[in-house]
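Thanks for coming. I will take a few spots in the backbone, then the ligand, then the core and the overall fold.

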Amino acid sequence: MKTLVVYSSQTNNTKRLAEAAATALNAEMVSVGAAGDISNYDHIAVGFWFKGGGPDPATQDFLPKLSGKKAFLFATHGGAANSTHVKNGMNKARDLAAGATVAGSFSCPGEVPVKVQAAIAEKNPNAPWLPDAPAATGHPDEKDLSDLRKALRDSFS
Ligand SMILES: Cc1cc2nc3c(=O)[nH]c(=O)nc-3n(C[C@H](O)[C@H](O)[C@H](O)COP(=O)(O)O)c2cc1C
């Protein structure tokens, strides 16, 4: 079984999850922009960051290409992990990957720099995830990484 980890990350929160996943799975890792032909891989773990309530645009383009694969989806977000906002966003990712067998998923908060929170508050003060963003400070942390490893073990074994 060949496994690939594909990730999208602007400020490295999701990249940290991707690195932990690649190590745990003994898999190659590639950024979504550099992911070329994936036909040689049986299992693909895809990591993305939330933008506009769902996967970032580059990942939205990539997810439909998982058709026929066994996939695992993981993400970081400024919102709370158990919020409707995040559940809906993860469902959007599953919908985009509808041609794949999604064996599991994981998400956790990812730190949103204070300046970014301020900029978003100015542009889109009603963003539903914004009130939870301060609590994302310090994430992903060691527990997030260990929870990700456990979810991967349960899904990709
Ligand atoms: C422009 C922008 C839009 C964002 N939109 C959302 C969003 O809709 N929902 C959310 O929960 N977090 C949102 N976030 C927070 C990021 O998803 C979060 O900080 C994530 O961990 C960033 O991941 P990265 O470091 O891998 O780029 C947004 C951040 C930015 C900069």
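Pro 140 sits in the loop between helix H4 (114-123) and helix H5 (142-155). Helices (H or I, at least four residues) and strands (E, at least two) are DSSP runs, numbered from the N terminus. The peptide bond joining His 139 and Pro 140 is cis, with omega about 0°.

Before I go on, the model is predicted: local features need pLDDT of at least 70, side-chain atom pairs count only at pLDDT 80 or more, and totals for chains, interfaces and linings use all residues. Residues are numbered from 1 along each chain as its sequence is written.

Two asparagines have positive phi. For Asn 12, in the loop between strand E1 (3-7) and H1, phi is near 80°. For Asn 26, in the loop between H1 and strand E2 (28-31), phi is near 55°. Are they buried or exposed? A residue is buried if 20 or more other C-beta atoms lie within 10 Å of its own, exposed if 12 or fewer, and partly exposed in between, with C-beta atoms placed from the backbone. Asn 12 has 15 other C-beta atoms within 10 Å, so Asn 12 is partly exposed. Asn 26 has 7, so Asn 26 is exposed.

Now the ligand. 20 residues surround the ligand, and the closest are Ser 9, Asn 13, Thr 14, Trp 49 and Gly 110. A residue is near a molecule if its C-beta atom, placed from the backbone, lies within 6 Å of it. Helix H1 (13-25), strand E3 (43-51) and strand E5 (70-77) each supply at least two residues of this shell.

Next, the core. The largest nonpolar core has 36 residues, and Val 5, Ala 21, Ala 45, Val 46, Leu 73 and Phe 74 have the most contacts inside it. Such a core is a set of buried Ala, Val, Leu, Ile, Met, Phe, Trp, Tyr and Cys residues joined through C-beta atoms within 7 Å. E3 gives the largest share of this core, six residues. Leaving out residues up to four places away in sequence, Leu 73 touches residues including Val 46, Met 90 and Val 102; contact means C-beta atoms, placed from the backbone, within 7 Å.

Last, the whole chain. The protein chain has five helices and six strands, in the order β-α-β-β-β-α-β-α-β-α-α along the sequence. Of its 157 residues, 40% count as buried. Its C-alpha atoms fill a box of roughly 45 × 30 × 25 Å, taken along the principal axes.

How values were computed
Contact = placed C-beta atoms within 7 Å.
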